[in-house]
Amino acid sequence: MFRSHVLICGGTGCTSSGSAKVREALISELKAQGLENEISVVETGCHGLCEQGPVMIVYPDATFYARVTPEDIPEIVSEHLLKGRPVTRLVYKEALDESGAVRSLNDTDFYKKQVRVALRNCGVINPESIDEYIGTGGYEALGKVLTEMTPDEVIQVVLDSGLRGRGGAGFPTGLKWKLCAPNKADIKYVCCNADEGDPGAFMDRSVLEGDPHAVLEAMAIAGYAIGSSQGYIYVRAEYPIAVQRLKIAIEQAREYGLLGKDIFGTGFDFDIDLRLGAGAFVCGEETALMTSIEGKRGEPRPRPPFPAVKGLFGKPSILNNVETYANIPQIILKGAEWFSSMGVGKSKGTKVFALGGKINNTGLVEIPMGTPLRTIIEEIGGGVPNGKKFKAVQTGGPSGGCIPASYIDIPVDYDHLAEIGCIIGSGGMIVMDEDNCMVDIAKFFLEFTVDESCGKCTACRLGTRRMLEILNKITEGNGTMEDLDKLEELAYYVKNNSLCGLGQTAPNPVISTLKFFRDEYIAHIKDKKCPAGVCKALLNYVIDPELCKGCTACARKCPVGAISGELKKPHTIDTAKCIKCGACMETCKFGAISKR
Amino acid sequence: MKSLAELKAIREKMQNQVNMRSDDPDHIRVVVGMATCGIAAGARPVLNELSELVQKKGLTDKISVTQTGCIGLCQYEPIVEVFEPGKEKVTYIKMNAEKADEVFERHLAGGHVVDKYTMGSADMK
């Protein structure tokens, strides 16, 4: 029996910052100091604060260490784990109070406002141990539905909870199940969409890495509700840790008889298989995903027939997103009312967001629906770094739009965001400051959709390409006002004439930036200027002769020899030679060089 | 798994371990002095004994056992302090594993302070 548990994050974020080495160092140091029978080391999923990785928490005192290196380990072991004196220099600074004492993690700005439902076990249990999952009440929801509830009752609870799909479209989950349940067939399928592809989104990865059994349990519950005995998880191959943990989880569940034949002796059979995606964004679309599981080229197909009637292998099927499933066992155990008491209007429960971009606390946060954007950016996210001004948030990835700073008090839920042409999408939130050019952002997302368009519909295949060409023209300073009209016209054309969600939403970043930041487009076209100083073709580096001391530092740094001048006299930049790399500006100690 | 009883058995076995990983301000906090003086005087067996008892009896959701540094009364080590929300701190001195058993039974589980081991009973002249 262990008196203390040390939890080390094994999520992708912390793994890439070296958590595996920290874990090895800890295990060997514990042995060296004879503590291996007193202290247990647990590898967990993501804690959300990826920015501070590798992250390590010591229980029972809940001390949160950030950015731990293997060299720190001997000190932590001998000081904290043996003598009980937390190594405060390594404690996450937000978890220290004014006097330097360690305070509760739940009192830190990052965690205080969060409500963890889908992420409740992430960073708490060992995802490779089914016993630990059961220890937190795991598989009890499955036991409850199989022994106490009829399939219709299960569907009713999910309907009443108000849970909507967390993958992007926000379709009511209970309704999806209800539409599929009455359809008769020799076999039906329960599918899980783990093909998380939006740039900057990683909430599903975290759930799979931190709490894979929650997804398996929810799929079995869904199977019981709609009368299916086979599930498929379609997970992208770029998530090796998630794939590995899912494999382990499925094996453990089979071993315990929680997947397979006659679960809990009730006669209910359910099994799950994995299918790996090959990295095509379009395969996150439901019909393309099912086509891909069938072994064919991942292309969407027209609906109707909807998957509830004719889905995977032509059989009635449902497809839900990872995060959606992660909510299900809790809803069954705690009831629909508990879940619907969180959130606002038609957006119930909580949502996980991946905060990224120009924000201090990069990471994953789970908050009740309807939380104001200001709370997310300023309190949980810790604001914009380097004293820069907050400009906008891009939500929903390539399918979403930008929320400008003027809307910072908007409640973040499905309906409020839809009103201003944005979507929650899968939950990516990219924060932008005054140094981001909105035309450039629109271009970035369009480049992504041009790459990822499957090519089936002409509107999407060629339309997005033509739009990108116009954007390139504008950012290079060759745009005209007619181009802007053409861009807008094309955007609506692509939106209205594409078969699947990818094409229908691909123009959103353009439409939304045109709506809120039209003046930036016009500045590129009329003034030939990029106000944020991003678009290289439109800016020149200049030296202010008043400030230049003639120290020659910039001239020596310039890779193309574009800077000339005599020692101790103001220098000049030859704009014809300049490649606008910005090296001179970084070098100048006197702030004499600026972009215009 | 053929019955809910099997699931329940695993849950009971595991939940004390998992419960330890919570950050609840309402916990009774049991703190063992584990500075050099405490360790030299035999604080480790006391710490391990208390921690094990709390887990065995399934009280990890109510009681957390941790260590602390030097409390400053080295001659009274091993020292165990009990912080109960809303109550005064109780300090036990010159502890060992057997005394720890008693403190667990009577104080932590039973709710009665074991006066004979507290600092108040010691000769503090």
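Helices (H or I, at least four residues) and strands (E, at least two) are DSSP runs, numbered from the N terminus. With that in hand, let's take a walk through the two chains.

## How to read this model

This is a predicted model, in which local features need pLDDT of at least 70, side-chain atom pairs count only at pLDDT 80 or more, and totals for chains, interfaces and linings use all residues. Residues are numbered from 1 along each chain as its sequence is written, while chains are lettered from A and ligands numbered from 1 in the order in which they are written.

## The domains of chain A

Chain A is divided into domain 1 (4-111), domain 2 (130-339), domain 3 (344-433), domain 4 (438-525) and domain 5 (540-595). These bounds come from an automatic or database domain assignment. From domain 2 of chain A to domain 5 of chain A, the C-alpha centres are 59 Å apart.

## A five-stranded sheet

Look in chain A for an open sheet of five strands, in the order 7-8-6-5-9, with mixed pairing. Its edge strands are strand 7 (260-263) and strand 9 (317-321) of chain A, each pairing on one side only. Neighbouring strands here are turned by 25° against each other on average, direction ignored. For this, axes are lines fitted to C-alpha atoms, for helices over the stretch in contact, and angles run from 0 to 180 degrees between N-to-C directions.

Two strands pair if DSSP finds at least two bridges between them. Strand 6 (residues 230-236) and strand 8 (residues 268-277) of chain A have seven bridges and pair in the parallel sense. In this region R236(A) stands opposite G277(A) of strand 8 of chain A. Helix 13 (residues 322-334) of chain A lies across strand 5 (189-194) and strand 9 of chain A, and runs at about 95° to strand 9 of chain A.

Which residues of helix 7 (residues 151-161) of chain A are buried? They are V154(A), I155(A), V157(A), V158(A) and S161(A). Because they cover an arc of only 155° around the axis, they sit on the same side of helix 7 of chain A; the arc is that of the directions from the helix axis to the C-beta atoms. A residue is buried if 20 or more other C-beta atoms lie within 10 Å of its own, exposed if 12 or fewer, and partly exposed in between, with C-beta atoms placed from the backbone. An α-helix has 3.6 residues a turn, so residues three or four places apart point the same way.

On the other side of helix 7 of chain A, D152(A) and E153(A) are exposed. The buried residues are covered by elements including helix 6 (140-148), helix 8 (173-180) and helix 10 (212-226) of chain A. Just after helix 7 of chain A comes G162(A), with a positive phi of about 80°.

## A buried valine

V393(A) belongs to strand 15 (residues 390-395) of chain A. Why does V393(A) count as buried? Because V393(A) has 30 C-beta neighbours inside 10 Å. V393(A) and I430(A) are 37 residues apart in sequence, yet 5.5 Å apart in space, C-alpha to C-alpha. Not counting residues up to four places away in sequence, V393(A) touches residues including L373(A), I377(A) and C402(A). Two residues are in contact if their C-beta atoms, placed from the backbone, lie within 7 Å.

## Chain B and its helix pair

Chain B has four helices and four strands, following the pattern α-β-α-α-β-β-β-α along the sequence. Its C-alpha trace spans about 65 × 30 × 25 Å along its principal axes, and 38% of the 125 residues in chain B are buried.

Helix 3 (residues 43-56) and helix 4 (residues 97-109) of chain B pack at an angle of about 30°, with their axes 9 Å apart.

## Where the chains meet

The contact takes 33 residues from chain A and 28 residues from chain B. The largest share of the side of chain A that touches chain B, four residues, comes from helix 5 of chain A.

## Two cis prolines

The peptide bond from R303(A) to P304(A) is cis, with omega near -5°. In chain B, the bond from E77(B) to P78(B) is also cis, with omega near -10°, and P78(B) lies in the loop between strand 2 (63-68) and strand 3 (80-83) of chain B.
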